[in-house]
Amino acid sequence: MGRRDFQVKLRGQRIELSEVEAVIIESSPNIVSCVVMKENFEEDNYLAAYVQVKDSNENDKILEKVMFACQCLLPSFMTPSKWFLVSELPLNANGKIDRKALREIAKMMDLPLDNVTSRRLSPLERKLEDIFVRAFHLKSSPDVKSSFGQLGGTSLGAMFAVNLIRQEIFEKMDINLLFVNPSVQKLAAALEPLISSVKSDEDNQEDDVDFCIRPCPSWLIETIGILILAWQWLWPIIFAIRLNSLFFQVIFVPLMHLLQYPMFMKLLGESYWQYQDRLYSWRYYRLWFLRRQWSLNTYWLSHLLGTPFYNAYLRLCGAYIGNGTYIYTYQIDAPWLLKIGDGTYIGNEVILSSLTYHDCTYALHETRIGSYCSIGARCVLHDRVDMHDHVLIEPLTTVTGRILGTHAKELLPCIMSCRQSFFQLVAIFTITSIHALILKLSWLAVHWLPLWLSLSVCWLVWSIIGAGISLVLLRFIVGHIQQNFSYSLNSWKFLSQVWLRHLVLSSFDPCLSTVFDEFNSFTPLILRWLGASIEPNDIKIAHFVPLLLVPPNLLVIGHGVTITSDVCFVPFDVTTNSQCIVSGQIQIGHRSFLGNNCVLRSGVCLPADVLVGCLTRVDLTANSMKEGDILLGIPARVMPFVFPDTERSKTLTKECHTFEQRCLKLRPVTIGPGCILQPMSMVLPGVTLIGYNRLAPCSLALPHDRFAMHTDWFGCPTKRVIAHHGSEPPQLILAERQSSLGTYNVTVGRFTDDILVLFFGQNGWLGWQSGIDLRRPYKPCDIYIKLFFTSFLCKPNAKQVLIIGLGGGVLPMLIRHYFPTVIIHVVEIDETVIELASEFFYLTEQMKNGYMHVIADDGFLYASETAHRYDIIFIDAFVEDAMPSHMNTSQFFSNLHGILNNGGCLVTNANLPTNDVYARLIQTCSSTFESNVLFAHTNIIENARVIISGTRTCLTSISSPAQAIQKAQWLESDVLLEFSLSRLVTFAYRGLLIDNDARIST
């Protein structure tokens, strides 16, 4: 061992500096000497290497060889982060290396002088250079060609740099962009086109103001709801206490609690509908009540998981559940919208979400899962899942939209026999009877105490006895499992060794958590007693029950391991043919650290000193990792950085905390208004969400992340959601069907920022037809839809309107919202469009009050045959990307003129593909109608042109820009438009038209 003063502790590891120096010296014959020292900063510590070289002209090659040797021969925590190549090391009076003088070298240079570029830096490079100095605690300007790793960068520094870039340069900055371009020069080159593109987009966007009126919760309704929930939960318990029979007590309470849910569903009504509505409406509170009632029943439901009885209960609640289906989750927010096929397996803690929150609204939609699917633990299925047959989903995966399966031969579902179902029923009844007996005996022993004290003591006695009984059951009844286990889900082996373990732990979870959670020193000894291979020295376990879900003979834990909260161990995998397969032991090396909510799968072997980040999934493919690696992501990836030392300042704000490397870190977390954190997302200390941010499922916000207002983020670590509307198809395809006209496909998709779109195409993207922002459904996405509302400047008191061309039904939905007394007739020739609009755009919901009628017919024929008269007619009929040729005729426009009321107006979407077709439309309108006004506006997505046609008297209010703007301002305040029509009119007003698009000056 070397001298004590040349030993340092870094990142929780004791390092012998002489070992590092020996590797560096032996890596190249051009190295004369070397000194490695620990650099101490307030929040960032690392190793710095001072290397004396023979020829300074070869610095780049020498440094490359040295760093390669260190990466091959040393663990990551022993590799220096900063390098100083010098021609001579300073000596003291005794001829030894002067270590104090080395720090003076560091003050003068953070890099070799030979590497400093002499070229003039661009403004972006200078800004990035300043950010690197602040983020990585440099004492001078760095070389723009050197990576942040060579500058001594750490994980905290990298996250801090990304945060600064988001605030000062480019708000869509992604941390992966920094990893791929780690130097100032490379990062500037990568950012330059991105910044230019964003500026170009912003210059072409109209400045629209958000006029949305945000709803507020009702304290009165919520208080009444809580009181009813408390009553419906307590009365069965109070009634059961008066029963003298233990048998009826065990049966009555859970049965009454579970049956009340479908009873309240019937009582509240309309819960079977798919619909979209505003937050805190009456229908919202009906759903709010049912969701909380379901959560009160989760303890009883946990006893039924994986049994036919749970499937039967879900069917009672309105779900469709196929035969041979095994469901091990109760995290379901709307069971009546759940459809699951035959032979499907759904793993532990899977979230089946049919409820989606938007900015001011919420939506309910079906969750469809096909037959013979296997969904791993902690997956999140959300936002209208349509999963086909034979799909395998890995654990901790977010699933949304349409998921296509493989074409496999038909299988027979693994159905439980009557004997097996009876075994499950007896096991459930026995477990609940044990609880009832313990509670009764505990109460008899302490009932003479004051009520508040007797309840506390009774709970404590029940927890201790229940924990002891559960451990005895696990060791002597459930036992171990074969390491090469492969049985079907309906086998006796699976029932007795896997399902029974799950039942015992689900039932006794409150007891075990009360007694053994929060880093209890007894838990390692208990695991060893149960049969786990464990070194009980210095092991810290936050939550005990997840470890017990692993059969003890499949668990190997080294000394010094830390296991934090909600770590998920997956001891087996389930195939699509319902086979349970164990791939081997789960091995955790010495001094490894498992972050919150990480997932370790069957057969994983972690080396020593590995840090698994929060919300990270470690698969068998990660077994090639080395000692000291840091894993992060889904699936886990080795991160190109190291953790700083665990020493921390004592002046940090005490707000939120984590335990990274057994170090308590207290940092504030700021969450602004209107933020939506979706299921299984995680926010670490130090994160700031400015407001109206959305964090997607299975996303991890790292320390120092600062999310700009109105931005969406996803991934682990988080990346900003960037969607290109109109220029490419949406990321998620929800449905694709052949048009009833037979010439193209009609497709519904959703962009990652919740823009739902209906588009036409043949095996791909042909053209956007209709879109709606699900978060702000009453603020149109399309400019031409906004311009359609200029017709109400001419006819503000319209009683009946006709819309030719349905699309996604966005225009009739908006008219219904802003003008609720208007009767709307919609004519659509394509029945496939009507079907998709009804299914995905809530058209059925809009039609049920009788104010809207959809007619499947050709618009030309309808206009020539109908006896109805209308105040406003909208033409929005397109086949693929053009107006049907038989509609761009004088005959069709004459027919429309004939069914207009006196003073009515015609509104035409004139976004036509060629100038010739557009000119013919202008000529037709001018020859048919007395007056025509053009509105046109262009942005990066859309070239919108709308023509308002009618009599001069009808169009008087829009005959000049000033009048049109004034009328638009009045309409905004009168009907509470959620977009600025007056501002759009300012940009889009083009004036009165004569033939061939000539304009009359106004």
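Arg134 is partly exposed, with 32% relative accessible area; here buried means under 20%, exposed means over 50%, and partly exposed lies in between (1.4 Å probe, protein chains only). Asp130, at 34%, is partly exposed too. The side chains of Arg134 and Asp130 meet in a salt bridge, N to O at 2.9 Å, a term that stands for a side-chain nitrogen of Lys or Arg within 4 Å of a carboxyl oxygen of Asp or Glu. Both residues sit in helix 4 (residues 123-135), and because they are 4 residues apart, about one helical turn separates them. An α-helix has 3.6 residues a turn, so residues three or four places apart point the same way.

Before we go on, a word about the model. It is a predicted one, in which local features need pLDDT of at least 70 and side-chain atom pairs count only at pLDDT 80 or more, while totals for chains, interfaces and linings use all residues. Residues are numbered from 1 along each chain as its sequence is written, and side-chain values use heavy atoms, with hydrogens and water left out. Helices (H or I, at least four residues) and strands (E, at least two) are DSSP runs, numbered from the N terminus.

Arg378 and Glu349 pair through their side chains at 3.2 Å, N to O. This pair links distant parts of the chain, 29 residues apart: Arg378 is in the loop between strand 16 (374-375) and strand 17 (380-381), and Glu349 is in the loop between strand 11 (345-346) and strand 12 (351-352). Arg378 is buried at 3% relative accessible area, whereas Glu349 is partly exposed at 26%. Asp712 and Arg775 form another salt bridge, with the closest N and O atoms 2.4 Å apart. Here Asp712 belongs to strand 47 (residues 712-714), while Arg775, 63 residues apart from it, lies in the loop between strand 52 (767-773) and helix 18 (783-788). Asp712 and Arg775 are both buried. The whole structure has 23 salt bridges, and a network of them links Lys339, Glu366, Arg368, Arg737, Glu835 and Glu839.

Now to helix 21 (residues 831-840), where Thr832, Val833, Ile834, Leu836, Ala837 and Phe840 are buried. Their cover includes strand 49 (732-738), strand 54 (823-828) and helix 22 (843-847). After the helix comes Tyr842, with a positive phi near 60°.

Elsewhere there is an open sheet of 5 strands, paired in parallel in the order 7-10-15-18-21. Strand 7 (320-321) and strand 21 (402-403) are at the edges with a single partner strand each, so one side of each has no neighbour in the sheet. Strand 7 and strand 10 (residues 338-340) run parallel and are joined by 2 bridges; at least two DSSP bridges are needed for strands to pair. Within this pairing, Ile321 stands opposite Ile340.

Where does the "active site" annotation fall? The unreviewed UniProt entry places it at Asp876; such positions follow the numbering used here, feature names are shortened, and annotations may be inferred rather than shown by experiment. Asp876 lies in the loop between strand 56 (870-875) and helix 24 (890-898), and it counts as buried at 14% relative accessibility. Beyond neighbours within four places in sequence, Asp876 is in contact (heavy atoms within 4.5 Å) with Tyr784, Phe788, Ile804, Gly805 and Asn909.
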